[in-house]
Amino acid sequence: MKSNSIKPFIPKCFFFSLLFTIPLLLLLSRNNSVTLIAVPVNKTTPPLSSSRGEKIDDLKIRPGYNTYESYIQKQLNKTLNPELRKLWKTRDWDRKIKVFTKFFNDLKQRNLLFNASKALSIGARMGQEVEAMKRIGVSDSIGMDLVPSPPLVVAGDFHKQPFMNETFDFEFSNVFDHALYPQKFVGEIERTLKPGGVCVLHVTVSRKTDKYSANDLYSIEPLKKLFKQSELVHVRTIDGFGLDTEVVFRKKQ
């Protein structure tokens, strides 16, 4: 009798245990599925009208960058290309220094660059611009690029320069077209320039540049809008390694 009374009790325990377990498993499964869905697989970049700044006519941001990391990786694909780096160190080295020396000497003659200037070259790669400035007497000069090239170039992102406010008297760049966030690019220049400091940009107007560019510029009007703390000094036509326009700004005192 005792053994017979125990037998039906086991299935009942199993049955009630199953009733309790199944809803719990369903609840856990539901929670896990919600958590997985909530995690974005690919974070897309915001539109130009928000984090990339106000939308400006004659300045178009190129599509195709799903994340900032993908943008940086594309820039690194060019900067770290072994064939290009070899070219920049050899055949292009003296040729670029010769051209930049002419550009910077002209700026010195117009009292926009001085031997005593603390100067920065933005997007300097191997540092030809820096070497050119040093050769004409601007000894306190340095370059900045995603990939450092000691001793002429330090590592840095031009969307967030690794320098203190009001560090430089002079800043030069020929990579404005590579800026995914032009407003941040210009904002960092104005932040790190001293009052009265000069910024020189070499840009291409009205035609597309290479495949690594992140924006296209169709007039200088967008630059005049972006440089909110500076005055336009001059604009002239140049022939600078595929770039056709020199634009100079001076930060207001």
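**Figure 1. Contacts of Asn165.** Asn165 touches Arg191 and Thr192, where contact means heavy atoms within 4.5 Å and residues up to four places away in sequence are not counted. The model is predicted: local features need pLDDT of at least 70, side-chain atom pairs count only at pLDDT 80 or more, and totals for chains, interfaces and linings use all residues. Residues are numbered from 1 along each chain as its sequence is written, and side-chain values use heavy atoms, with hydrogens and water left out. Asn165 lies in the loop between strand E4 (153–155) and strand E5 (168–173). Strands (E, at least two residues) and helices (H or I, at least four) are DSSP runs, numbered from the N terminus. Exposed means over 50% relative accessible area, buried under 20%, and partly exposed in between (1.4 Å probe, protein chains only).

**Figure 2. Strand E3 and its pairing with strand E2.** In strand E3 (residues 141–145), 5 of the 5 residues are buried, so the strand is largely enclosed by the rest of the structure. Ser141, Gly143 and Asp145 are buried on one side of E3, and Ile142 and Met144 are buried on the other. Strand E2 (residues 119–122) runs parallel to E3 and is joined to it by 4 bridges; two strands pair if DSSP finds at least two bridges between them. Ser121 has Gly143 of E3 as its bridge partner.

**Figure 3. Packing of helices H5 and H6.** Helix H5 (residues 91–109) packs against helix H6 (residues 128–135) at an angle of about 55 degrees, and their axes are 8 Å apart. Axes are lines fitted to C-alpha atoms, for helices over the stretch in contact, and angles run from 0 to 180 degrees between N-to-C directions. H5 and H6 are therefore oblique to each other. Angles under 35 degrees count as roughly parallel, over 145 as roughly antiparallel, 65 to 115 as roughly perpendicular and the rest as oblique. In H5, Asp92, Trp93, Lys96, Ile97, Phe100, Thr101 and Phe104 meet Gln128, Glu129, Glu131, Ala132, Met133 and Arg135 in H6. The residues of this contact between H5 and H6 comprise 6 nonpolar, 2 polar and 5 charged. Ala, Val, Leu, Ile, Met, Phe, Trp, Tyr, Cys and Pro count as nonpolar, Asp, Glu, Lys and Arg as charged, and the others, Gly among them, as polar.
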